[in-house]
Amino acid sequence: MPNRLRSLMILGLIGIASLPLIVMLAFLVIDSFSASPPGTLIPDRFTLEHWRFLWQTLPGRPSIWTATANTFLFAGATGTLLVAISSTAGYALARLDLPFRAFFLGGVLVMHAFPTVTLIIAIFLVLQVTGLYNTLAGVVLVKTALNLPLGIWLMKGFYDTVPWEIEIAGVQDGASRFTVWRKLVLPQVRPGLAALGLFSVIDGWNEFILPQVLAPRSDVQVLSVYLAGLISDDSRFDFHLFKAVGLFYVLPVTLIYMIFQNRLMSIYGGGTKG
Amino acid sequence: MRIELQHFSKRFGDTVVVSDMNLVVEEGEMIALLGPSGCGKTTTLFAISGVHRVDEGRITIGGRDVTRLPAQKRNVGVVFQSYALYPHMTARRNIGFPLAIRGMERRAADRAIDEMAELLEIRPLLERRPGELSGGQQQRVALARALVRRPDVLLLDEPLANLDARLRLDMRGEIRRIQRETHTTAILVTHDQVEAMSMCDRIAIMDRGRVVQIAAPAEMYERPASRFVASFLGSPPIAYLPAAATEGGLRVGDALVPWAGTAPRDTPLSIGVRPEDFGPDGPIRLAGTVAAVESHGREMLYAVDLALGARLRAIQPGIARARIGEAVAWGFDPARMLVFDGEGRRL
């Protein structure tokens, strides 16, 4: 029994420590569905008024559905591009006899250590000149490029764990180098691809600063920019509305975590069972 | 098919791994490349398979010059030490992979796979993945994959190194049986002399990138070209005694050993005596004390520290014929001894 008592005490302590967060989260949900009289936090009636953004476009704002579609497009496109480029570049760096291989490896690491924000003015100028400013394609390219060092390095790490003999066996069996990669090596790094894809989609979903600076126009706005717009507007300050949109914004990410929980666990656990 | 290496050399950077190697493997023959690690045997194997570029020399398979041919076009089957099965595929798809790459029609491929599986007795395992197979079973799948396309040449890179002793014994016979039944020319790379002697028609012993001797196992055992070769074959290994050429023979310690060979008088020589040739009954007697007695069941193994300052091992069948610490005067038959000069060449 003392064991039981101990775990109960630990649970209690953890509960108390995380109470502020739990209360805040609870109020995020409660506030979005209710109204409370002035001067108190206790709600007195249920209302869907704060969720009106779902069926009517707020004055001076784009439709929430445009923003949602943009966010999906942004997150999906950066994820796809990142996985596609990292899986090939990582393989090249891990296995092919490239010229300047060491230079590229070092370069990728340096890029990874470089803080994004310091580059933003340069990137802004590049997009202006190329005509990609205020387009989704522009931010997608920038976001992907900035995530590439991490992606390439991660995939290289996964490729490094694939035994050389498997590739030699494939070549000996008559397969071209590309077929070996596609049919024999890629299946071995699937956990890596899944991890990178998930990470990238979630990261893209959460990205704020790049779309805010590089694609602020209302028809290419993503949800994070839309959300920030709500509180930057001092004249129409509506905290309940902000909370409702916020809840709407985190819903897909929560869903992804719930669906891929096991998958993510096995990735972080380092399992490679296909 | 007949394999021929002519003046083959291979460097990695500044290190010469194989230099000026000549080797002919006859059609249907199985030959072993035997040597210590780093002697260049695996490099040679992968040069034949096409994975390593050939720096100098020529390699032909069945008369066709393959020196510059990419690995994919050589029709060579390879079995790796780690088996290198594709972990995400079932045994059937593993074996079928070389056929699928060649665009063989599904039904014909399945027939070929079943036939191979029959030969290797792995029919019931075909739907399993490598992770669900034991080491010996994986070995069989790897062999099937190497043989299913009817390769011109079968290359085996330490195929038994990862198996336990019991399985190794079984697989030695199995590999040899299958190689014979499919009449495939084969090269076995190994550092295990028992494997080389028991499985192959001929053995090529390599040392530091050079072939030291090529011969049939029995011949090589009886007439090794050098001390290096003699030491490599036989377990427990041959032991050496210092000797000197004198009038009418060799002086070994106090004994005068009759010897028909010739060497300049008083040059330092050595004689090699194998453990099975040393025992209580040999004609040339040497005094010493028994240092160790080991029972191996069928036979006893002794180590005798000789008065002249060397240790000889003896293998004798039956019950113990001496105790540890006992003073003995055991002997060997001079007809069975091997005589080497100062450089280790056999005289």
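**View 1. Four strands of chain B form an open sheet in the order 2-1-4-5, with antiparallel pairing.** Two strands count as paired here if DSSP finds at least two bridges between them. Helices (H or I, at least four residues) and strands (E, at least two) are DSSP runs, numbered from the N terminus. Strand 2 (15-25) and strand 5 (64-65) of chain B are the edges of this sheet, each with a single partner strand, so one side of each has no neighbour in the sheet. This is a predicted model, in which local features need pLDDT of at least 70 and side-chain atom pairs count only at pLDDT 80 or more, while totals for chains, interfaces and linings use all residues. To find your way around, note that residues are numbered from 1 along each chain as its sequence is written, that chains are lettered from A and ligands numbered from 1 in the order in which they are written, and that side-chain values use heavy atoms, with hydrogens and water left out.

**View 2. Strand 1 and strand 2 of chain B make a hairpin.** Seven bridges hold strand 1 (residues 3-12) of chain B to strand 2 of chain B, and the two run antiparallel. Follow the pairing and you will find B:Leu5 opposite B:Leu23 in strand 2 of chain B, and B:Phe12 opposite B:Thr15. Two residues lie between the strands, and B:Gly13 takes a positive phi near 65° in this hairpin.

View 3. Axes are lines fitted to C-alpha atoms, for helices over the stretch in contact (heavy atoms within 4.5 Å), and angles run from 0 to 180 degrees between N-to-C directions.

**View 4. Another open sheet of chain B has five strands in the order 13-12-11-14-20, with antiparallel pairing.** At the edges are strand 13 (255-258) and strand 20 (338-340) of chain B, each pairing on one side only. From one strand to the next, the twist averages 40°. Inside this sheet, strand 11 (residues 239-246) and strand 14 (residues 268-273) of chain B pair in the antiparallel sense over six bridges, with B:Tyr240 opposite B:Gly272 in strand 14 of chain B.

**View 5. Chain B meets chain A through 22 residues of chain B and 17 residues of chain A.** The area buried between the chains is about 1600 Å², and carbon and sulfur atoms give 63% of that. Buried area is the accessible area (1.4 Å probe) that two parts lose on being put together, summed over both. In chain B, B:Gln72, B:Tyr86 and B:His88 lose the most area to chain A, together 32% of what that side buries.

**View 6. Two salt bridges cross the interface of chain B and chain A.** A salt bridge is a side-chain nitrogen of Lys or Arg within 4 Å of a carboxyl oxygen of Asp or Glu. The side chains of A:Asp173 and B:Arg145 meet in one (3.7 Å, N to O).

**View 7. Within chain A, the side chains of A:Arg52 and A:Asp238 meet in a salt bridge (3.6 Å, N to O).** A:Arg52 sits in the loop between strand 2 (45-46) and helix 2 (64-95) of chain A, and A:Asp238 in the loop between helix 10 (223-232) and helix 11 (239-259) of chain A, so the pair ties together parts 186 residues apart in sequence.
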